[in-house]
Structure formats: structure tokens, C-alpha cells
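Thanks for coming. I will go through one chain, starting with a local feature and ending with the overall dimensions.

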Amino acid sequence: MQPLGWTGIKSVKFYLESLGCPKNLVDAQGMARLLKRLGHLSVDDPRQAQALIVNTCGFIEDAREESLGELRKLAHKKRADQVLIAAGCLSQRWGRELADCVPGLDALLGTRRWSEIGPLVEDLWGTRGRRPRDLMMLLGDPPLAADDDGPCVARQGAMAYLEIADGCSAPCAFCAIPLIKGPAISRPVGSVVEDAVELVREGVKEIILIAQDTTAYGRDRGERDALPGVIQAILKATPDLRWLRLMYAYPGRISPRLIQVMVDDVRVCRYLDLPLQHAHPHVLRRMKRPSDVDRTRRLIADLRAALPGIALRTSFIVGYPGETEAEFEALVDFVTEIRFDRVGVFLYSPEAGTAAATLANPVPEEIKAERQDRLMARQQQISLEINQAQVGCTLDVIVEGQGDGLSVGRSYRDAPEIDGLVLFPGDVPIGEIVPVRIKEAMEYDLIGEVRT
């Protein structure tokens, strides 16, 4: 058997599917770039592939079921001349247990070792039929510091995600991300800026900065407020960039300096995703989250005063262990008071290995579902009212699709895949940014026409 990393084989056709969040998509596109750099060929049909790769998500139960379903489907149809690799979060979290759940897996590739995809594919493919199909596992930290693996970006049309850090060091009791990804590691400013410059050179008009917590950028290096500086460096190096969007901003780390950077350059979208998780101090303390709700109120007031028209998204967990009806009602009242533009509501599910998994007083499933429905019904009315206030306004819209005489896109108020859309007549080229006058509003989407 040749050692791992042997490259003396012909080109391998690979099929790669990414599941889960944008951070997974960045890793998946990084794997594809590395494989192509070695001369291997990407195909869209798994039947044409010699290597089948699924970049899995293991964050919550629904995501795990989706990953398992896709792996089992490919394993069931896998031919003797194909190899199947499970990469990403579920591989990292379950290890060999994943192979027990999916007979036919040839290898597991962890979240911190995706840059080894090339040698792994070549070793599996180059030795097929000449050795037993022992499960190969590349999990945990790489044995040595990895060389430059190329850009940490995922491009989709005229928009691209740019990862500025990986992992998470937050102590949230309910979250398994630190167990899967490890502690936060920030990328060097120079590498981030280099990626941004190349994206704009390629025609990208919107860059979305992502990390498990973008506002924690640099803290692993002892820098307490480094995000504003990296934003300024990107903006200075990319004068042709139209939009820069921030995602996953931990409320307690949004500094006056960060707000001022958003004020100073109109290219920074007046949009923030603030994952609050709850609004009752007792629940927040059980979650090991910041519990000063009045401080959150003051932050939101400061954001709205400094950045008129800012769109605020948040997410909440309902049914956390011990959540009383009064605690849930406090959350509903908070949502009614603050009037977020966008809200995601998730049912609590215990995650093995987390502190919350051992908490007493679980909330019955039927009560969780009822609370989710009640909170979302309240938010839908708020979202409709906020959208109705946009009627008569003109918003710049980046076009993401068109056909049959209709174009669809997003305004600064909308992050891809999770927020609403703007629809308008006409076949406007994908990637163009056009002014659209809003004529109608729905709970999530807007309808308008291009202003001439």
C-alpha cells in the first residue's frame, strides 16, 4: 500500500455534497479547490463519480438526520468501484459510530482536517481492490500545522461567504459546536483581506463575513475588539465592493467602534444577526448566556439610533429545560416590544456532551411545539407590519435569479437563504444591483418594480 498522500494516479472524478451552514459550504468549496488543484474532476451526478464525499452537519437532530439520510442513500447505491467519504461535523462528533450507522463508509474526515481530502481520496482510490476496506479515520487536529490551503470562501454567483475564524470558545450550555469544531481560531488579517480582494477581482459584489461568532475575531490572539479593524482593512483594499455583511454577532461584544465602522461606510450593510437565544434572565443563566436583558435593550436602541433603518435578525430557543410558562411569556413580550425584522425559533433538543443535556425538568415536546407556533405567529404579524412600512420605498436589490419575466433578489435587509426576497417583473441579469420600488408586502417577501 502506498503512503497517504501518494499522488501517482490518474484523475479521479468526485461528487461532493455540502449540508448545513455557510461555514460548512466554505469547507466544502475548499475541498473541491484542493482536489481540482491535484487534477481531479468534479461531477454533478454521483453515478459518474469514483469518489463520493458528503460534508455533513451534526449541529442538531434534524441536521444529523439529513446527513445520515444522504450518506445512507449514497452507500446503498455505491458500486464496488466507488469510495464513500463522510467529512465534516457529524464525522468529527460521532467518529466510528457513524460508520456503524452507515455500512459502506470508507473514510471519516474531521472538521479540522478537511485540507487532507486530496491525499485521502488518492489513497482510497489508488489502493481499491488491493487491501481490505478498513475504515480510514482522519479526525482531531492535524498532526502538523497545515500549509496554506487556499482561500476560505464559498462563492454563490455575485455573493460570497468569507470565513474569518473557525471554532468557538463560548460556554453556552446547550451548544455542541465547541465539541465539534474546537476552540475559536482567527485567521490572519492579511489572509482575510487577500481573499476579499480576489473575490472582488472575480466580480463578487457582496461579501458576507462569517464565523461561529464574528465579534470574537482576534480574541484567541489576545485582541478584544479586532473585528472593526479587519472590516476597515477589507473596505480599504476593495474599493469596488458594493456590500459587506456581518453575520453571527454576539451581542455583548458589539462595541461602539464596530457601530462607528458601520456608520462610516455605507458599503457595510445595515444588518446584524444577533443570536440572543432567550429573553428571560433565569433561562439565560441556565443557558450560560449573558443574562442582562436591559443591556440588550440598550444595545438595540444604540444600533437603531446610530443606523436608522438597520435590519435586526435574531434566533430563540423555546422549551429549554425548566422553561416555565411565565418565562416563555416574557420572551413573547420581549419580541413584541423590540420588533425584530427577522426571527428564527428553534425547539430545544439535548445534545450529548453539553452541560444542558443533564438538566432536570425537560419541557414536553407538545408544549415546545405549541410555544414555537405561538412565538412565530406573533413574529409573523410583526414582520408583515415592518414589510408593509417598506411599501413606497426604493431598495437596492442584488438579483439572484430570473425567468418567465420575473426577477428575484435580496435587499440589504435580507441575508441569503434565511431571510426574505424581493420579486419584480423583468429579466434582470443575475448579479446586477438595481433600484426597486416596493409596491406590495407579505410576511417575508416584498414585491416591486425596477425604478427607471
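β7 and β8 form a hairpin with two residues between them, where strands are DSSP runs of E of at least two residues, helices are runs of H or I of at least four, and both are numbered from the N terminus. Gly 157, in the turn, has a positive phi of about 65°. This is a predicted model, and local features need pLDDT of at least 70, side-chain atom pairs count only at pLDDT 80 or more, and totals for chains, interfaces and linings use all residues. Residues are numbered from 1 along each chain as its sequence is written, and side-chain values use heavy atoms, with hydrogens and water left out.

β7 covers residues 153-156 and pairs with β8 in the antiparallel sense over four bridges; two strands pair if DSSP finds at least two bridges between them. Gln 156 has Met 159 in β8 as its bridge partner. Met 159 also has a bridge partner in β11, namely Glu 206. β8, residues 159-163, pairs with β11 in the parallel sense over five bridges.

Now β11 itself. How many of the five residues of strand β11 are buried? Five of the five are, so the strand, residues 206-210, is largely enclosed by the rest of the structure. Buried here means under 20% relative accessible area, exposed means over 50%, and partly exposed is in between, with a 1.4 Å probe and protein chains only. Glu 206, Ile 208 and Ile 210 point one way from β11, while Ile 207 and Leu 209 point the other way.

β11 also runs parallel to β12, residues 243-246, and four bridges join them. Within that pair, Leu 209 stands opposite Leu 246 in β12. With helix α8, residues 227-237, these two strands make a right-handed β-α-β unit. Right-handed means that, with the strands pointing away from the viewer, the path from the first strand over the helix to the second runs clockwise. Tyr 248 has a positive phi of about 60° although it is not a glycine.

On to the cores. In soluble globular proteins, nonpolar side chains tend to be buried together. A nonpolar core here is a set of buried Ala, Val, Leu, Ile, Met, Phe, Trp, Tyr and Cys residues joined through side-chain atoms within 4.5 Å. The largest has 71 residues, and Ile 207, Ile 231, Leu 272 and Leu 303 touch the most other members. Helix α12, residues 325-338, gives the most to this core, with six residues. Apart from it lies another core, of 21 residues, among them Val 12, Ala 51, Ala 107 and Leu 124.

Leu 272 stands opposite Leu 312 in β14, and three bridges join β13 to β14, which run parallel.

Those strands belong to an open sheet of three, in the order β13-β14-β15, with parallel pairing. β13 (271-273) and β15 (342-347) stand at the edges with a single partner strand each, so one side of each is left without a neighbour in the sheet. The twist averages 15° from one strand to the next, with axes fitted as lines to C-alpha atoms, for helices over the stretch in contact, and angles running from 0 to 180 degrees between N-to-C directions. Helix α13, residues 365-388, lies across β14 and β15, at about 175° to β15.

Ser 315 lies in β14, residues 311-318. Is Ser 315 buried or exposed? At 12% relative accessibility, Ser 315 counts as buried. Leaving aside neighbours within four places in sequence, Ser 315 is in contact with residues including Leu 274, Gln 277, Gly 344 and Phe 346.

For contrast, Asp 404 is exposed, with a relative accessible area of 87%. Asp 404 is in the loop between β16 (394-403) and β17 (406-410), and its phi is positive, near 55°.

Finally, the whole chain. There are 13 helices and 20 strands, and 53% of the 452 residues count as buried. Along its principal axes the C-alpha trace spans about 65 × 60 × 45 Å. Among contacts between residues at least 6 apart in sequence, 74% join residues at least 24 apart.

Note on methods
Contact means heavy atoms within 4.5 Å.
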